[in-house]
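Subject: Structure handover

Hello,

Here is the structure I said I would pass on. My notes on it follow below.

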Amino acid sequence: MSSVLAIDIGGTKLAAALVGEDGSVSGSAIRPTPRTDVMAALASLMDEVCAGGERPQAVGIGCAGPLNLAAGTVSPVNMPSWRDFPLRDEVRELTGLPTVLAGDAQCFALGEHWLGSGRGSSALLGIVVSTGIGGGLVIDGVPLLGPTGNAGHVGHMTVDPYGERCECGGRGCVERYASGPNLARWALDNGWKAPEGEPADARNLARDAADGEPVAVAAYERAARALAGMIASAAAAAEVTRVVIGGGVSGAGPVLFEPLERALDDVAGLAFVRSVDVQPTVLGVRAGLAGAAKLAWDYSDSAAAA
Ligand SMILES: [Zn+2]
């Protein structure tokens, strides 16, 4: 059966898989992202996945941003050895295959649209809430990437123009309220203490919120309210009908999603905004690879021509 090679590149791990046109996976591998010479690690990962099988038709890559899709270059925040790195051309030369590149959160959204909670949606926003907050839009089945590939940076939508300064240089960004480290930071500043011997992270904060610890509950309600503001704004701008939320923080479950529903009910006004359907991811960490594979299946013809 013919397949494409899907690659997901993040600051902590590299993943690759051979994926059929129906989404079936015929081989996959994962390894930690090295501090230096990421390209050599990526080459050996691709060799491992492709060994012994039929040659894939094309390559799709989802990579942490920022990136420049016009140039095919990436500068991932957590990978200092790659600055304006020509990833698309490097992989194309290495494999001799048509190669398509997009952001990792854009691939998350595309993967959820293809095989996950976003199936059938005509206007989907996928959001990855993790160390940072990323996102991607899929409109009428097509990823909306933007002129340089940076569309969907919803983590840096301002939900409070008088809010705190964000690491991006902006102010009051939703990431400042709802990313994992910022959830934990606010809770610690307000008197929360992690369980004895455990890290003060969003996962332990979620556990305490589920037990009703008031500061932990308040931290998730604050994050949910910020996310609701961002979702309502995105829905108003692009008539988004469905939102799929993934990433580590989404694993908090009801302590995030219940206050999110209540906050959306409060902040959203217009009927089409109020009707936006918010779902947790069903694919989890597999969504990024699924989206990278879909990119390769749908857009490698134009990549070959380029
Ligand atoms: Zn920001």
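Helices (H or I, at least four residues) and strands (E, at least two) are DSSP runs, numbered from the N terminus. By that numbering, P66 sits in the loop between β4 (59-63) and β5. The peptide bond leading from G65 to P66 is cis, with omega near 0°.

Some background on the source. This is a predicted model, in which local features need pLDDT of at least 70 and side-chain atom pairs count only at pLDDT 80 or more, while totals for chains, interfaces and linings use all residues. Residues are numbered from 1 along each chain as its sequence is written, and side-chain values use heavy atoms, with hydrogens and water left out.

Domains

The protein is divided into domain 1 (4-107 + 285-305) and domain 2 (119-280); the bounds come from an automatic or database domain assignment. Nine residues from domain 1 and 14 residues from domain 2 take part in the contact, where contact means heavy atoms within 4.5 Å. The C-alpha centres of domain 1 and domain 2 are 27 Å apart.

The size of an interface is often given as the accessible area lost when the parts come together. Buried area here is the accessible area (1.4 Å probe) that two parts lose on being put together, summed over both. For domain 1 and domain 2 this comes to about 830 Å², with 58% of it on carbon and sulfur atoms. Of the area that domain 1 buries against domain 2, A105, Q106 and Y299 supply 55%, more than any other three residues.

What holds across this interface by the two pair rules? Zero salt bridges are found between domain 1 and domain 2, a salt bridge being a side-chain nitrogen of Lys or Arg within 4 Å of a carboxyl oxygen of Asp or Glu. Four residue pairs are in polar contact across the interface, both residues at pLDDT 80 or more. A polar contact is a pair of N or O atoms within 3.5 Å; within protein, one must be able to donate a hydrogen and the other to accept it, and residues adjacent in sequence count only if both atoms are side-chain atoms. On the side of domain 1 that touches domain 2, β5 (67-68) and α3 (104-115) each supply at least two residues.

Two buried residues

I use buried for under 20% relative accessible area, exposed for over 50% and partly exposed for in between (1.4 Å probe, protein chains only).

I7 is in strand β1 (residues 4-9) and is buried, at 0% relative accessibility. I7 and A293 are 286 residues apart in sequence, yet 7.9 Å apart in space, C-alpha to C-alpha.

G155 is in the loop between β10 (142-144) and α4 (175-178), and its relative accessible area of 0% makes it buried. Not counting residues up to four places away in sequence, G155 touches I133, C173, V174 and E175.

D37 has a positive phi of about 50° although it is not a glycine. D37 is in the loop between β3 (25-32) and α1 (38-50), and counts as exposed at 54% relative accessibility. D84 also has a positive phi of about 50° without being a glycine. D84 lies in the loop between β6 (73-74) and α2 (87-95), and is exposed at 56% relative accessibility.

Salt bridges

How many salt bridges does the rule count? The count comes to 10. One of them joins the side chains of K13 and D8 (3.4 Å, N to O). K13 is partly exposed, at 27%, whereas D8 is buried, at 11%.

R262 forms a salt bridge with E221, the closest N and O atoms being 3.2 Å apart. This pair links distant parts of the chain, with R262 in helix α8 (residues 254-267) and E221 in helix α7 (residues 214-238), 41 residues apart.

E164 and R185 meet through their side chains in a salt bridge (3.5 Å, N to O). E164 is in the loop between β10 and α4 and R185 in helix α5 (residues 180-189), 21 residues apart. Salt bridges that share partners join E164, R176 and R185 into one network.

Regards
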